[in-house]
Amino acid sequence: MTSDNSGNCLAWAARDKSGFLSPYTFYRRAVGKDDVSLKITHCGICYADVAYTSGTFGKAIYPVVPGHEIVGIVQEVGSEVQSFKVGDHVGVGAYVNSCRDCEYCNDELEIHCSNGVVFTFNGLDVDGTVTKGGYFSFIVVHKRYCYKIPQDYPLSLAAPLLCAGITVYTPMIRHKMNQPGKSLGVIGLGGLGHLAVKFGKAFGLNVTVFSTSMSKKEEALNLLGADNFVVSSDNEQMKALDKSLDFIIDTASGDHPFDPYMSILKTAGILVLVGAPSEIKLAPLNLILGMRTLTGSVTGGTKQTQEMLDFCGAHKIYPEVEVIPIQYANEALERLIKKDVKYRFVIDIENSLN
């Protein structure tokens with residue numbers, strides 16, 4: 001039923017740890033009474049796509065169809081679905097199911113489901129099949145895990161919001177980083193970092209970008225609207241910022257020192273880690289003496305994801321993307337590994353997957 005030569009849904013999948021993607025077909029489940037069937041128009045490329053297709057993030061269940069920044073148009077709804085109709089613009093993020101009964105699901109923080117969230121790909125679907133992501137022609141998802149995209153918001157730009165966008169928006173709201181006049185530092189200027197800058201400016205914050213590369217200065221200041229740019233390897237620039245920032249969002253996944261950044265925080269300042277370095281090392285006194293907080297965050301719950309999409313629509317916050325055909329996906333994944341993208345790849349599924 002899942003052979004490469006039969007199925008009702010076209011896709012590109014990885015068959016082994018090489019992570020190489022090639023055409024694949026699969027049977028999506030029938031639309032249930034609470035389901036939404038979505039014709040996928042675009043899918044963003046996240047580093048998770050690299051990690052899962054290559055088996056870096058634990059056991060990959062091949063064939064793996066990656067992609068969890070999914071947007072498209074509703075083509076069918078179940079009999080009990082009232083909140084979506086055919087023709088609606090809809091998104092799907094990093095997960096497609098949860099128990100819907102634990103304290104976190106009841107608080108609409110489903111990503112933290114006590115009984116285990118079901119990821120959009122490489123998870124176990126309700127029909128017993130392995131979930132397949134957005135490098136696909138369509139997807140069937142329970143209505144709870146679908147989000148309305150503002151009708152006038154370009155679908156190609158909406159895709160990165162479903163992972164990169166909500167991953168930085170969630171901790172910003174949780175830690176009250178939306179107070180005008182406060183100061184925010186953003187470490188790393190990739191898919192997540194550039195959206196943290198855009199949200200920060202929309203919230204009225206004074207935003208400083210930290211990067212290892214001077215080459216990103218012009219775009220950080222002029223394209224993204226950051227107020228300041230600091231080369232993190234320049235000790236003099238770093239020392240000049242001592243105890244000056246209220247918040248820092250750390251999007252860097254490569255290993256890097258934490259003490260210099262903790263020293264930049266004001267008393268009771270907060271550093272939120274959303275990247276995934278292999279280890280964290282810091283002097284305990286940098287936390288204790290400044291009453292500072294180092295915390296982590298992952299993607300958000302369903303309620304906050306919808307709020308984030310509505311906020312982006314209202315404030316015209318648009319990711320910077322490079323739209324590509326599905327046939328370029330392997331090259332895009334290689335470029336992503338090399339950090340050669342400004343700032344998010346988005347696959348044009350609708351016009352290239354055939």
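Trainee: How many bridges join S4 to strand S5?
Mentor: Four, and S4 and S5 (residues 89–92) run antiparallel. Strands pair here if DSSP finds at least two bridges between them. Strands (E, at least two residues) and helices (H or I, at least four) are DSSP runs, numbered from the N terminus.

Trainee: What kind of model is this?
Mentor: This is a predicted model, where local features need pLDDT of at least 70, side-chain atom pairs count only at pLDDT 80 or more, and totals for chains, interfaces and linings use all residues. Residues are numbered from 1 along each chain as its sequence is written, and side-chain values use heavy atoms, leaving out hydrogens and water.

Trainee: Back to S5. Which residue is the bridge partner of Val71?
Mentor: Gly91.

Trainee: And how does S3 pair with S4?
Mentor: Antiparallel, over eight bridges. S3 covers residues 35–44 and S4 covers 69–77. Cys43 stands opposite Ile70 of S4.

Trainee: New topic. What is the strand order in the open sheet of six strands?
Mentor: S12-S11-S10-S13-S14-S15, with parallel pairing.

Trainee: Which strands stand at the edges?
Mentor: S12 (228–231) and S15 (293–296). Each has a single partner strand, so one side of each lacks a neighbour in the sheet. The twist from one strand to the next averages 20°.

Trainee: How many bridges join S10 to S11?
Mentor: Five, between residues 183–187 and 206–211, running parallel. Leu184 has Val207 in S11 as its bridge partner.

Trainee: What does H5 lie across?
Mentor: S10, S11 and S13 (245–250). H5 runs at about 170° to S10. Axes are lines fitted to C-alpha atoms, for helices over the stretch in contact, and angles run from 0 to 180 degrees between N-to-C directions.

Trainee: At what angle do H4 and H5 cross?
Mentor: Roughly 50°, with the axes of H4 (residues 164–174) and H5 (residues 191–202) coming within 8 Å. H4 and H5 are therefore oblique. Under 35 degrees counts as roughly parallel, over 145 as roughly antiparallel, 65 to 115 as roughly perpendicular, and the rest as oblique.

Trainee: Which residues meet there?
Mentor: Tyr169 and Met172 in H4 are among them, as are Leu195 and Phe199 in H5. Contact means heavy atoms within 4.5 Å. The residues of this contact divide into eight nonpolar, four polar and no charged. Ala, Val, Leu, Ile, Met, Phe, Trp, Tyr, Cys and Pro count as nonpolar, Asp, Glu, Lys and Arg as charged, and the others, Gly among them, as polar.

Trainee: Where does pLDDT stay under 50?
Mentor: Over residues 1–5. The protein averages 95. pLDDT is the predictor's confidence in each residue, from 0 to 100.
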